[in-house]
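Good morning. I have one structure to go through today, and I will keep it short. Please have a look at it on the screen first.

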Amino acid sequence: MIYMLDTANLEAIKKAYDLYPLSGVTTNPTIISKENNGFISILKDIRSIIGEDSMLHAQVLGKTADEMVKEAVYLKEKVEGSLYIKIPVTPEGIKAIKILKKEGIKITATAIFTAQQALMASIAGADFVAPYVNRIDNISGNGVEVVKIITNQINIYNLDTKVLAASFKNVQQVHEVSKIGAHSVTVNPEIMDKMLEHPLTDWSIDQFIKDWESIYGEGKLITDIK
Ligand code: G3P
């Protein structure tokens, strides 16, 4: 499983990168707008936190393939390191993916709600395909089932694309796509923190410390004991 963080908030990225085994940061125009700063400057700031080798996903805004390609090339020039251009799966988006693939630019096909959108984006050359789990659930679909079908398609057709399951609103959705073998997930900072929470974990640790300190003294660590 490849874990990514779905945010452009620098403090949240610093905290999560310090704690968790993360391989990348994903953004979209909504996420970027929340930070209310220059687009390129936000991306450069994120890059300085996560390093050159960590994946950074940034989305284009153009409606035509020509506009999307121009934006992608511009982003590639401005932002160093491992960059993935997010392209929505419209017909013009698929055309842009085909063109950018030939240019050697890495692509994440995004705003995916159906398995066919994902399959066509994969065949066009997308490196990642991003189905929106919670947004599918919210239109009375089954987001996890769509992720499962896409993952199977990739395996059946022996495609190089990875599924990047996105749009999660709870830990259980992340767990369900993990169970069916999704290659990667992007999760917002709040859900990322919740993925490790369990009251019995906290209780067990408290109990271990209490028992330890009853013999070895309050606040003592292994390194303090002879
Ligand atoms: O980044 C794309 C996706 O994660 C959107 O998530 O939470 O806005 O549905 P959300």
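I will go from the domains to one helix pair and then to the aromatic rings.

Bear in mind throughout that this is a predicted model.

Start with the overall division. The chain splits into domain 1, residues 2–195, and domain 2, residues 196–226. Between the C-alpha centres of domain 1 and domain 2 the distance is 40 Å.

Next, the helices. Two packed helices are described by the angle between their axes and the distance between those axes. Here I take helix 1, residues 10–19, and helix 3, residues 39–50: the angle is about 15°, and the axes are 10 Å apart. Angles under 35 degrees count as roughly parallel, and helix 1 and helix 3 are therefore roughly parallel to each other. Their crossing is right-handed.

Which residues meet there? From helix 1 we have Leu10, Ile13, Lys14 and Tyr17, and from helix 3 Ile42, Asp45, Ile46, Ile49 and Ile50. Sorted by class, this contact of helix 1 with helix 3 has seven nonpolar residues, two charged ones and no polar ones.

Last, the aromatic rings. The count comes to three aromatic pairs. I will show one of them, Tyr84 with Phe128. Is that pair stacked or edge-to-face? The ring centres of Tyr84 and Phe128 are 5.4 Å apart and the planes stand at 70°, so the pair is edge-to-face. Tyr84 sits in strand 4, residues 83–88, and Phe128 in strand 6, residues 128–131. With 44 residues separating Tyr84 from Phe128, the pair links distant parts of the chain.

That is the end of my part.

Methods: Residues numbered from 1 in each chain as written. Predicted model: local features only at pLDDT ≥ 70, side-chain atom pairs only at ≥ 80, totals over all residues. Heavy atoms only, no water. Axes fitted to C-alpha atoms, helices over the stretch in contact; angles between N-to-C directions. Helix = DSSP H or I, 4+ residues; strand = E, 2+ residues; numbered from the N terminus. Parallel < 35°, antiparallel > 145°, perpendicular 65-115°, else oblique. Left-handed = near helix turned anticlockwise from the far one by under 90°. Contact = heavy atoms within 4.5 Å. Nonpolar A, V, L, I, M, F, W, Y, C, P; charged D, E, K, R; others polar. Domains from an automatic or database assignment. Phe/Tyr/Trp six-rings, centres within 6.5 Å; stacked < 30°, edge-to-face > 60°.
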